[in-house]
Amino acid sequence: SLNFPPSVGSVLSGQFLTSLRYLWSVTLVSYPLFFRLFDSRSRQLVMKVLVGVKRVIDYATKIRVKPDFSGVVKDGVKMSMNPFDEIAVEEAIKLKEKNIAQEIIAVSVGPMGSQDILRTACAMGADRAIHVHTEEELEPLAVAKIFQKIVEKESPKIVVVGKQAIDDDCNQTGQILAGLLEWPQATFASKVTVADAKDKAEVMREIDGGIETVAVQLPAVVTCDLRLNQPRYATLANIMKAKKKPLDKVTPQDLGVDTKPRLQTIKVIEPPPRQGGGKVGSVDELVGKLKEMGYVKA
């Protein structure tokens, strides 16, 4: 061991303490910076999936037209998630189960009752929800513009929606959204496969002639067809957990979207009742009946 005079030892001790204080101050400054950089990098690596869900009259409910023919009766009627949107939620969950996606965001545009639909999506497996509250009946263009604003804020890699809603049967929102975002689109998907690099997806889609397979670069918009999957039922435990998941509330005005309608509904009527069929005794009699009804030219 080295024995220093007391004066030398005090000088060395002072230099050591000064160096220690410097290192400690550098550590305090650099640690928060390191974690901010790490958190920023990790957010870039997270692949989000945004799913659109709509509150509609339950498919098993008999539809009744209002007495003034201005629309259909919704008061006291059972409401549920659009069946095609249930398929979209299930497909997003499957992507997460395959470790392709890390976060699922469910979005619904509509009245306060839409929050029940969002809670159902969270019970199925969505991580959080966004409710865009409006009491108006919005057209697909307005809904697509709202989704555009949310996509620009959340930066998902895939937007998954049902191919159509069973109340208006428009089949337009997904396509319009892809056009507004200038993203590729794959509609009527019956199978979705995302590459390991998460840079493109292969989608099998149903067309009149059979099955068509298309490849799209991500980010992209995918609309789901009926045979894509079988949606799961939410368990009681997950229903309880869904109540604690984040649900953000905004309005179209908060997003700066003009929801003024471009179309006007003149009248809503029920389809005419189907007439009973009849039996014919021969081909000639059948042809004669078709001629009488104008389906076959004489």
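Two residues are in contact when they have heavy atoms within 4.5 Å of each other. Keep that in mind, because contact in this sense comes up again and again in this talk.

Let's go. This is a predicted model. The chain has 298 residues, and 35% of them are buried. Its secondary structure comes to eight helices and 11 strands. Take the contacts between residues at least 6 apart in sequence: 70% of those join residues at least 24 apart. The chain exposes about 19,200 Å². Carbon and sulfur atoms supply 56% of that area.

First stop, Arg128. It sits in strand 5, residues 128-133. Is Arg128 buried or exposed? The cut-off for buried is under 20% relative accessible area. Arg128 has 14% relative accessibility, so it counts as buried. Who does Arg128 touch, once we skip residues up to four places away in sequence? The list is Lys48, Glu103, Ile104, Ile105, Ala106, Cys122, Glu154, Pro246 and Asp248. Look at Glu103 in that list. The side chains of Arg128 and Glu103 make a polar contact of 2.6 Å.

Move on to Thr134. It lies in the loop between strand 5 and helix 4, which covers 140-154. Its relative accessibility is 8%, so Thr134 is buried too. The Thr134 side chain reaches the backbone nitrogen of Glu136 at 3.2 Å. Beyond four places in sequence, Thr134 touches Val109, Gly110, Pro111 and Pro252.

Now the inside. A general point: in soluble globular proteins, nonpolar side chains tend to be buried together. Here, the largest nonpolar core has 39 residues. Which of them touch the most other members? Val51, Val89, Ile158 and Val194.

Let's zoom in on Ile158. Set aside its neighbours within four places in sequence. Ile158 is then in contact with Met47, Lys48, Val49, Leu50, Leu95, Val194, Leu218, Ala220 and Val222.

What kind of peptide bond joins Leu218 and Pro219? A cis one, with omega of about 5°. Pro219 is found in the loop between strand 9 (210-217) and strand 10. Why point this out? Because most peptide bonds are trans, and most residues other than glycine have a negative phi.

Asp169 is not a glycine, yet its phi is positive, about 55°. It lies in the loop between strand 6 and helix 5, which spans 173-181. With a relative accessible area of 45%, Asp169 is partly exposed. Phe188 also has a positive phi, near 55°, and it is a residue other than glycine. Phe188 lies in strand 7. At 21% relative accessibility, Phe188 counts as partly exposed. The cut-off matters here, because buried means under 20%.

Next, the empty space. Rolling a probe the size of a water molecule over the atoms shows where empty space is left. The second largest pocket holds about 580 Å³ of space. It is lined by 19 residues. Which lie closest to its centre? Tyr59, Glu86, Pro231, Arg232 and Tyr233. Strand 3 (79-81), helix 2 and helix 3 each give two or more residues to the lining. The largest share comes from helix 3, with four residues.

Last stop, Arg262. Find it in the loop between helix 7 (252-255) and helix 8 (283-292). Now find Ala142, 120 residues away along the chain. How far apart are the two C-alpha atoms? They are separated by 9.5 Å. Arg262 touches Glu139, Leu141 and Lys145, again not counting residues up to four places away in sequence. Its side chain also reaches the backbone oxygen of Lys260, at 2.9 Å.

Find the polar contact between Arg128 and Glu103. Find the cis bond between Leu218 and Pro219. Then find Ile158 in the core of 39 residues. Thanks.

Terms used:
Residues are numbered from 1 along each chain as its sequence is written. This is a predicted model: local features need pLDDT of at least 70, side-chain atom pairs count only at pLDDT 80 or more; totals for chains, interfaces and linings use all residues. Side-chain values use heavy atoms; hydrogens and water are left out. Buried means under 20% relative accessible area, exposed over 50%, partly exposed in between (1.4 Å probe, protein chains only). Accessible areas come from the Shrake-Rupley method with a 1.4 Å probe; for residues, only the protein chains shown count as cover. A polar contact is a pair of N or O atoms within 3.5 Å; within protein, one must be able to donate a hydrogen and the other to accept it, and residues adjacent in sequence count only if both atoms are side-chain atoms. A nonpolar core is a set of buried Ala, Val, Leu, Ile, Met, Phe, Trp, Tyr and Cys residues joined through side-chain atoms within 4.5 Å. On a 1 Å grid over the protein atoms alone, a cavity is a set of points where a 1.4 Å probe fits but cannot get out, and a pocket is an open set with protein on both sides within 12 Å along at least five of seven lines; lining residues have an atom within 4 Å of a point. Grid points are joined across faces, edges and corners, and a volume is the space filled by probe spheres set on the points.
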